[in-house]
Amino acid sequence: MTGHQQPTTRTQYRHERPDLDFALQAAGLGVWEFNPTTGLFTWDERCRQLFGLTHDYPLSFEQVSQYIHPDDRHAVDRAMQQAMDAQSTGALDITYRTLGAGDGTLRWVRFTGRAYVDATGSVVRFGGVGQDLTTHIADQQQMQQQASEARFRSLIEEVPVSTCLFVGPDLVIESINDIMLGYWGRDKSVIGKPLASALPELNDQPHLQILQNVYATGEMYEARGVRADLQVDGVQRTYYFDLIHKPLRDANGQVYAIMDLSVDVTERVVAHQKLTESENRFRTMAEGSGILIAMSDETGKSTYLNQAWARFTGRSVDDLMNLGWVDLVHPDDRDTFLMRYQAALARQESFDGEFRIRNREGVYRWLLVNCPARFQRGQDGEADRFTGYISSALDITDRKQAEEALRASEGRLRSVIATAPAGMAVFMGRDLVIELPNQTFINMVGKGPDIAGRALRDVVPELISEQQPYLKILDDVYTTGQMYQSYGSKVSIVRQGVMSHNYYNISFTPLRDETDRLYAILVMTLDVTEQVKAQQALAESEAHLELLRDTVPAMIFYLDADQRYRSCNGVFKEWFGIQGQEAIGKTVREFLGEAAYQAAKPHLDKVYAGQQERYEIHAPSRMSVGRWLSVVYTPHKAATGELLGVIVHATDITPNKQAEISLRNSEARYRALSADLEEQVQQRTRELAAANEELAALNVELTNSNQELISSNLATIAANESLSESNHNLTRSNDNLEKFAYIASHDLQEPLRKIQQFGDLLKTQHAEALGDGITYLERMQTAASRMSRLIKDLLTFSRISTRQEAISSVSLREVIDSALSDLEIRLEETDALVTIDALPVVAGDRTQLEQLFQNLLSNALKFHPKETRPLIAIRYQLITNSDLPPMVKPARKTSRYHRVQVADNGIGFDEKYASRIFQVFQRLHGKNNYAGTGIGLAICEKVVVNHGGAITGTSQPGQGATFTVYLPAYGTDPA
C-alpha cells in the first residue's frame with residue numbers, strides 16, 4: 001500500500017460496492033421468497049408487476065395460482081413441490097404464463113431459485129428471482145411462426161387433400177392448393193379475396209357462418225359428408241366433403257386464421273344416399289306389404305323380418321329371429337326345407353321352395369319362398385363378396401287349393417268324357433292327331449284301343465278312300481276357326497274289316513290357348529242311326545198313311561192328350577173350309593166354338609176316360625150346310641196303358657138320314673090315304689119295297705165302307721204306336737244330351753269360377769307385389785269370363801235344339817216388353833228410342849220367343865256407333881203365303897204368316913254375309929270392338945225354325961240392319 005491509498009472504512013466500502021437493487025432492476029429481475037412455515041409468498045415490486053399486482057402484502061400459493069394461466073398451473077405446482085423435495089437438488093427453473101390481476105394481460109415469465117433444507121430435511125428457506133420473457137418469447141414465436149407459416153404454405157401446396165388458409169374475420173384467402181381450386185372451379189386469382197367474394201354462391205349456405213363461428217370461438221369444427229353447392233364452369237353442382245376447420249393462433253393465443261382441410265366424398269355420399277333411399281324404399285315396401293320378407297347375413301343369421309311375419313305367425317319379430325320360426329314348419333316339410341337352405345348357404349347360391357307353416361290360428365298354410373343371394377361388388381378386381389339373403393314368402397294356399405280343385409275338376413272332366421254317351425276326342429294340330437279319345441269314340445272308329453297319338457287320316461283311311469268330306473271340313477275349321485255342326489250325317493267306317501254306314505250328330509269345336517291361337521279341335525259324335533232309320537221308316541209310314549187318309553171319303557183326324565188337333569186329312573180340311581195347318585195346335589173348344597164343343601163334350605169325356613165312343617150328330621149351325629155325321633172316337637194308348645190321344649173317324653151319313661126322314665114322311669102320308677087309296681097303297685107298298693131293297697144295298701155298302709175305315713184306323717193306330725216309340729227314343733236321346741250338356745257345362749264352369757275368384761283375391765291382397773304382372777292376371781280373368789259366357793251360350797243353344805217347345809197362346813207385345821225390361825239399363829245408357837206396332841197373339845213357346853227378341857234387340861243396341869242415338873223400330877204385318885219372298889222357306893207351310901221386323905240404325909253389315917250370320921260362332925266384327933260369342937243369331941234361327949217359321953237379315957254397311965221373322969199364323973176362327 002502506498003502513501004496515496006487511504007484505508008477504507010466499512011461505510012466507505014458499503015457505498016463503493018455494486019448496487020444489488022440497481023443490478024436486479026437493470027437485468028429486469030425481481031426477487032421473491034416463499035416461507036414454507038407460513039405458506040406465504042413475499043416479493044419485490046418487479047415480481048408483483050409480473051402478476052399485475054399493486055399491493056405488497058404476502059399471498060398464499062392458492063392466491064397466486066389464480067393469476068397463473070390455467071394451462072400452466074399444474075406444471076408450476078409440480079415444479080415447486082419438486083424443488084422443496086429433500087431428495088432433489090432444490091433448484092427451481094420454470095417458464096410459464098401469468099394473467100395480470102388488474103387487466104388480464106398475458107405475460108411470459110421465468111422463475112428461478114433454490115430451496116434450502118436443514119439437517120432434518122425440512123425446508124428452511126426457499127427463494128429466487130423472476131424475469132419477464134414476454135418480448136423475448138414473442139420474438140421467438142414470431143420467428144417460429146414465420147418459419148412455420150412458410151412450411152405451412154409449402155405444406156398446403158403439396159398436401160394431397162384440398163387445403164386452404166383463411167386469414168382474419170373476413171376469411172381472406174391467403175393460401176390454397178390446386179385441388180381446392182379444382183373443387184371450386186376457380187384459379188389463383190381468388191388469393192387475397194374474402195371467401196364470400198370469391199365464392200358468392202356460399203352466401204346462401206351455412207359454410208360462412210360455420211367458419212365465422214370457428215374464428216370467434218377458437219373451437220375446431222369437424223364434419224363428414226357436408227353438402228356444398230358450387231358454381232363450376234357456370235353450372236351449379238352439388239358436392240359432399242369430409243372437412244376440418246382448424247383455428248390457428250398467434251403468440252398471444254389469439255385466433256388469426258383458419259386452416260381448412262377437405263376431402264371430396266361426393267361419390268361415397270351419393271352412393272350411400274342411394275343405398276339409404278333403396279333401403280328405406282325396401283323397408284317401406286316390406287312393412288307395407290302383405291308378403292313375408294326377411295334378410296340374413298352371410299352366416300345365415302337373420303338381420304331383419306318385417307311385421308307381416310309377426311302378423312302371420314302371431315310371434316314377435318324378436319322371437320322369430322335366428323330360426324325362431326322353424327318349429328312352425330310342418331313336420332313333413334321341415335327337414336327337407338332346412339337341408340335345401342343349409343346346402344344353398346354353403347354354396348352361397350340362391351334357392352326357392354314351397355313348404356307349409358302354421359299361422360297364428362294354428363292352421364297350416366302353404367308358402368312360396370324365394371331367396372336370392374346377395375353379393376357386394378368387389379373393388380379393384382376383387383371377387384364379389386357374399387353378404388346373405390333377401391327372402392320373400394308368399395301365401396299360396398289359395399293357389400294350391402285351386403290347383404287341387406283344378407286337378408279334381410280335370411279328373412271329373414276326364415270321367416265325364418270317358419262316360420259320355422257321345423263319342424269324344426281332341427284332334428291336335430293341323431295333322432289332327434287323336435288325343436283323349438273316350439271308349440265310345442274308340443268303339444265308333446273300330447280300330448282297336450291304341451289310336452291315341454296317331455293322325456286321324458292314318459287311323460281312318462276310308463275317310464279318303466270313300467271320298468268323305470270330313471277331313472276337308474276339319475281342315476276348314478282349323479283354318480277359319482269356325483265351329484261346324486251337322487245332324488244325322490252319314491259316316492262310312494270299316495269295323496273289323498266290314499264297311500258300316502251309320503248316322504251321327506257331329507260337332508267340331510275349335511280350341512284356343514290363352515293367346516287366342518287355335519291349337520286343337522274338340523270332336524263330339526252321337527250315334528243316331530236308329531233314330532234316323534226310325535225317322536225314315538216313320539216318314540215312309542206317314543206318307544202311306546197320308547195317302548190312305550186322303551183316299552178314304554171320311555174325315556180322319558188325331559187329338560192329343562190335351563184335346564189339341566195334331567193331324568187331319570184333306571176331307572177334314574174340305575169339310576171345314578180351311579187350308580194348311582190352320583187347325584193344328586188348337587183345342588177342340590178353340591176350333592169348334594163353345595156351342596159345338598158342349599155338344600161333343602160328353603162323348604169326349606168318355607173316350608178320354610179310355611172307352612171307345614160312337615154317336616151321330618147333326619153339324620153345328622155355324623157350318624155352311626147342315627150335315628149328319630157318324631162319329632167314332634177310338635182311344636190311342638201306349639203299351640203302359642197311358643192315353644196318348646184319340647183317333648177320330650167321322651163319316652157323312654146325310655143321304656141315309658135323308659132317306660130315313662123321307663121314309664117316315666111317306667109312311668105318314670100312307671096312313672092318311674090308306675082308307676081311300678087302297679090301290680095306291682098297294683102300289684106304294686111295292687115302291688117302298690123297292691126303296692127298302694135299295695136302302696138295304698146301301699146299308700151293305702156303308703157296312704163295307706165302315707169295315708175298311710176300321711182297318712184303316714187300326715193301321716193308323718199301329719203307325720202312331722211306331723211313331724210314339726220313335727218319339728220316345730228321341731226324347732230319351734235328347735234327355736241324355738241335356739244331362740250331358742248340364743254336366744259338361746257345370747264341370748267346365750267350375751275351374752273358370754275358381755280362376756276368377758282366386759284372380760280377385762290376388763288383385764285385392766297382392767296387387768302391389770304383382771307389379772306389372774297384374775296385367776297378365778286381368779287378361780287371364782277376361783279370357784275366363786269370355787269362356788264362361790261361351791259355355792252358357794252353348795248350353796242355351798243345345799237346350800233350344802233338343803227341348804220340345806211348350807206351345808201356348810203368347811202375346812208378342814208381352815214378349816217384347818219383357819225383353820225391353822231386361823235391357824232397361826242398356827237402353828238408358830244409350831238413350832235408345834224404340835217404336836212398336838200393334839202385335840198379335842201367336843202359338844209358341846214363351847221362353848224361346850223371349851230369347852229370340854231379346855237377342856235381336858240386344859244386337860241392335862250393341863252394333864251401333866257410339867256417337868249415334870240408337871233408333872229401333874218393331875213393325876208387324878199379317879201376310880199370305882203368296883206374299884213370302886222367294887228365298888224365304890218357312891219350316892211349316894200355312895196360308896198366312898205373321899211378319900215381325902226389328903230394324904235399327906246401327907253399323908250394318910255387307911249382305912254377302914247374310915247367309916253366314918245365323919251360323920254358330922260366326923262374327924263379322926272383332927271381339928275387341930264388340931263383345932259376344934257369335935251364338936246369338938244362331939239361337940234366333942233355331943227358335944224360329946222350332947216355331948215353323950223363318951228369319952232373314954238385310955243390311956248395308958253404315959245404314960243399319962233389318963231382321964225379319966216369319967211365324968205361321970193359324971186361323972183365328974175355329975174350323
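Author: Start with Leu-852. Leaving aside neighbours within four places in sequence, Leu-852 is in contact with Cys-940, Val-943, Val-944 and Val-965. Contact means heavy atoms within 4.5 Å. This is a predicted model, in which local features need pLDDT of at least 70, side-chain atom pairs count only at pLDDT 80 or more, and totals for chains, interfaces and linings use all residues. Side-chain values use heavy atoms, with hydrogens and water left out, and residues are numbered from 1 along each chain as its sequence is written.

Leu-852 belongs to the largest nonpolar core, which has 35 residues. Such a core is a set of buried Ala, Val, Leu, Ile, Met, Phe, Trp, Tyr and Cys residues joined through side-chain atoms within 4.5 Å. The residues with the most contacts inside it include Leu-849, Leu-852, Phe-853 and Phe-963. At least two core residues come from each of α26 (812-822), α28 (846-862), β31 (871-880), β32 (896-904), α29 (936-946) and β34 (961-968). Helices (H or I, at least four residues) and strands (E, at least two) are DSSP runs, numbered from the N terminus. The largest share, seven residues, is supplied by α28. Apart from this core lies another, of 28 residues, among them Ile-176, Leu-195, Tyr-239 and Val-255. In soluble globular proteins, nonpolar side chains tend to be buried together.

Now the burial itself. Buried means under 20% relative accessible area, exposed means over 50%, and partly exposed lies in between (1.4 Å probe, protein chains only). Cys-940 counts as buried because its relative accessibility is 0%. Cys-568 is buried too, at 8%. A disulfide is a pair of cysteine sulfur atoms within 2.5 Å. By that rule, the count is zero.

Next, a sheet elsewhere in the chain. Five strands form an open sheet with antiparallel pairing, in the order β19-β18-β22-β21-β20. Two strands pair if DSSP finds at least two bridges between them. β19 (433-435) and β20 (484-495) stand at the edges with a single partner strand each, so one side of each has no neighbour in the sheet. On average, neighbouring strands are turned by 40° against each other, direction ignored. Axes are lines fitted to C-alpha atoms, for helices over the stretch in contact, and angles run from 0 to 180 degrees between N-to-C directions. Strand β18 (residues 423-428) pairs with β19 over three bridges, in the antiparallel sense. Phe-427 stands opposite Ile-434 in β19. Helix α18 (residues 470-480) packs on the sheet and touches β18, β20, β21 (498-512) and β22 (518-527). The direction of α18 makes about 140° with that of β22.

Pro-421 sits in the loop between α14 (397-419) and β18. Pro-421 is partly exposed, because its relative accessible area is 40%.

Finally, the whole chain. The chain has 29 helices and 34 strands. Of its 975 residues, 40% are buried. pLDDT is the predictor's confidence in each residue, from 0 to 100. The chain averages a pLDDT of 79, and 74% of the residues score at least 70. Over residues 1-17 the pLDDT is below 50, and this stretch has three contacts beyond near neighbours in sequence. Residues 620-624 also stay under 50. Where pLDDT is low, the predicted coordinates should not be read in detail.
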